[in-house]
Amino acid sequence: MTTTIAVPPATGTSSAAPRRRLRASGRRALTAWLFLAPSLIILVAFTLYPMIQAVYLSFTDYNLIRAAEFVGLSNYVELFQSAPFWNAFTNTVVYALVVTPVTVILALLFAIMLNQAFHGRAFARTAIFLPFIVSLGIIAIAWAFLLDPNIGLLSYWLGFVGIVPEQGWLSDPRYAMGAVMLVGVWKNVGFYMVIYLAGLQSIPVDMYEAARLDGAGPWQRFRSITLPLLSNQTLLVMVLALIATLQAFDQIYVMTRGGPFFRTETLVMLIYREGFQELRFGYASAISFVLLIFVFILSMIQFGYLRRKQVTY
Amino acid sequence: MAVTALPTVEDDRAAAARRPARGRAARLQRSTSWLLAIVSTIIGLLMLLPIIWMVFTAFKPEADIVSYPPTLWPRELTLDHFIDVWNRIPFARLYINTIIFAGGVTVISLLFDSMAAYALARLPFKGRGVVFVGILLLLMLPFQVTLIPLYDMLNGMGLTNTLPGLIIPRMTNAFGIFFLTQFFLSLPKDLEEAARVDGASEWRIYSGIIMPLAKPALLTLGLFHFQYNWNDLLWPLVMSSEVQTSTLPAGLALFMGQHVVEYGLLMAGSLLALLPVIVFFLLIQKSFVAGIATTGLK
């Protein structure tokens, strides 16, 4: 892009014009760095530097009380041999692999339903989206209460359909994970629904008309028009859902604290426990890198999506 | 669709043959739309169940809360829990902390994000590409990775258990810079070029021309920032060990963990804590949802 600073006509012999332009662009660069300065300083000091620090810490036995001592790869060796790590890893993967497809499919169904014109549509859209904007940490208290074995309404209702965990939803090892998964789905389904709704609204109506004239039934129209034209949204939503599920923490912290018997302890819960309860900063940093790798790869895919978002139908 | 073709005999006959089918189709459509209305209302109410349960419980007397079988509808209404919550927990403190934290982060971050975005979108300089890619890479980092060193660093500076400690690392945001850069790039350049010719400084162009044009984007981003920080649990949980310096989500979670669970009080507190975000959202629902749908991030 050429900058259009008024350039005086080059009269005389001196090369005043280019020099002045040079000076102007130097000034412009200085201004740019001044504009960037606050953000860059904060990002470098409070994101980039801690990031590098985390790499370093993961090779030490630092624990807040004792000075850091270099221990090489031993945190990582311990990690890959430790049962709590594999437990948290498995829990996280299971949580992600259940919650992601369930949420995405529900979001698609809700979007298709709420893309039709009928009375009460606005209410349903708002109601489904609302969980996404409220604090998960706070609303999880209400969920814990709903699932209380003695005085919880949902526990009581589910009793009618024969689902009665013996020790209550949140203290029964077989049910606790299901309970926090339910809350995870509930929280984000409205967000993905909105992304799908935007996608549905961009599909031209005459495509459906044409398919109908060709005798395509509703299922066929869904299979050969809706689904393929929503593939962009599906990719985005899947990646967003995976990133979110891999970082699951809030409702688990509030509802089960990772229990019973560590059945709901996810990677972030483990980082929190090892880091801020056991104060093993070095070891917890090593765990966080496992999380980093997964999230980073997924984020690259998401960014790839955003770059080629302007796909025309 | 074919328009204004003269009706032929063939067309009339075809239309006559279709008529009963169309009547059936219309009836079918009416009943589907009723069915949809009923199903979607039930789904909507189920989605709201935790919130409805929270609201009703907050007004139930203690005896009603612990009675079996549990009922959704309160048999009696009371404001006791709303009075208790201010006395039993330093609730006012939590509230003020959360307002300062979420509000402070939002205002400061909007300023710094937009300044950085202005430089990236409008001021050509060497290294712009590198800076932009660097910001994108930071955007992809999960926050949990920097959590421990960040805590350690702020602890060393004596900033744990303080509001500045909570706010300072969040005074800018890689996503915010990215989002606003994209928006600024989409703005026309004519106005600012004219201003530049007239000798206006870059700061004047940024504050006088770009910022007013960017109001919708700033509003959307401001809501993201506010809601994200108002709701955040992990960061305030880690940074403050005392309720005095905590925020609402962390404070309520700590209270829940430390005491015999008193649901009436917790539900009243939760309701008051969620209220600002819910009201905010209902007021500007349209632009918020539009913003979220188009960015697809965060």
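Chain B splits into two domains: domain 1 covers 21-78 and domain 2 covers 88-295. The model is predicted. The C-alpha centres of domain 1 and domain 2 of chain B are 35 Å apart. Contact between them involves seven residues of domain 1 of chain B and six residues of domain 2 of chain B.

Take the domain 1 side of that contact. Two elements of chain B, α1 (9-58) and α2 (62-65), each give two or more residues to it. α1(B) gives the most, with four residues. By class, this side of domain 1 of chain B has four nonpolar residues, one polar residue and two charged residues.

Next comes a helix pair in chain B. Helix α3 (residues 80-88) of chain B packs on helix α14 (residues 263-283) of chain B. Their axes are 8 Å apart, at an angle of about 90°. Angles of 65 to 115 degrees count as roughly perpendicular, so α3(B) is roughly perpendicular to α14(B). On α3(B), the contact is made by H81(B), F82(B), D84(B), V85(B) and R88(B). On α14(B), the contact residues are G264(B), L265(B), M267(B), A268(B) and G269(B). The residues of this contact comprise five nonpolar, three polar and two charged.

Now step out to the chain pair. Here 82 residues of chain A are in contact with 78 residues of chain B. Helix α1 (residues 16-57) of chain A supplies the largest share of the chain A side, 19 residues. The side of chain A that touches chain B has 60 nonpolar residues, 19 polar residues and three charged residues.

Key
Residues numbered from 1 in each chain as written. Chains lettered and ligands numbered in written order. Predicted model: local features only at pLDDT ≥ 70, side-chain atom pairs only at ≥ 80, totals over all residues. Axes fitted to C-alpha atoms, helices over the stretch in contact; angles between N-to-C directions. Parallel < 35°, antiparallel > 145°, perpendicular 65-115°, else oblique. Contact = placed C-beta atoms within 7 Å. Nonpolar A, V, L, I, M, F, W, Y, C, P; charged D, E, K, R; others polar. Domains from an automatic or database assignment.
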